[in-house]
Amino acid sequence: MSRYHLKHDLTIDQFYEDLVKIAVAGGAKEAAVREKIRDCISRHMLQADICGIFSNCDDVKFFDPFVKIPE
């Protein structure tokens, strides 16, 4: 597993919105930026349905970061 993670108090949606704000502040069109950033995050990030030091990696399922994980 990667050693890089979002800070624990930050959701993927908050991170996404902050990236969009920064890009739009630089003069980019919001709709285009929003779509491209979301695509980029989805291409390069995953979320796991379980996490922890005692979990078995074979049992972990990975999902798109913007998908609600099924119970």
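1. The accessible surface of the protein chain amounts to about 6,100 Å², and 57% of this area belongs to carbon and sulfur atoms. Of the 71 residues in the protein chain, 14% are buried (buried: under 20% relative accessible area; exposed: over 50%; partly exposed: in between; 1.4 Å probe, protein chains only).

2. The model is predicted: local features need pLDDT of at least 70, side-chain atom pairs count only at pLDDT 80 or more, and totals for chains, interfaces and linings use all residues. Residues are numbered from 1 along each chain as its sequence is written, and side-chain values use heavy atoms, with hydrogens and water left out.

3. The protein chain contains 2 helices and 2 strands, in the order α-α-β-β from the N terminus. These elements are DSSP runs numbered from the N terminus: helices are H or I with at least four residues, strands E with at least two. Among contacts in the protein chain with a separation of 6 or more, 26% involve residues 24 or more positions apart (contact: heavy atoms within 4.5 Å).

4. Helix H1 (residues 12-25) and helix H2 (residues 30-44) have axes that come within 9 Å and cross at roughly 135°. The axes are lines fitted to C-alpha atoms, for helices over the stretch in contact, with angles from 0 to 180 degrees between N-to-C directions. H1 and H2 are therefore oblique to each other (under 35 degrees is roughly parallel, over 145 roughly antiparallel, 65 to 115 roughly perpendicular, and the rest oblique).

5. On the H1 side, Ile12, Phe15, Tyr16, Glu17, Leu19, Val20, Ala23 and Val24 meet Glu30, Val33, Arg34, Ile37, Arg38 and Ile41 of H2. By class, this contact of H1 with H2 has 10 nonpolar, no polar and 4 charged residues. Ala, Val, Leu, Ile, Met, Phe, Trp, Tyr, Cys and Pro count as nonpolar, Asp, Glu, Lys and Arg as charged, and the others, Gly among them, as polar.

6. Asp13 lies in helix H1 and counts as partly exposed, at 44% relative accessibility. Its C-alpha atom is 9.6 Å from that of Arg38, which is 25 residues away along the chain.

7. Phe63 belongs to strand S2 (residues 62-63). Leaving aside residues up to four places away in sequence, Phe63 touches Leu46, Gln47, Asp49, Ile69 and Pro70. Phe63 and Leu46 are 17 residues apart in sequence, with a C-alpha to C-alpha distance of 5.5 Å.

Key:
Areas by Shrake-Rupley, 256 points an atom, 1.4 Å probe, with all protein chains shown as cover.
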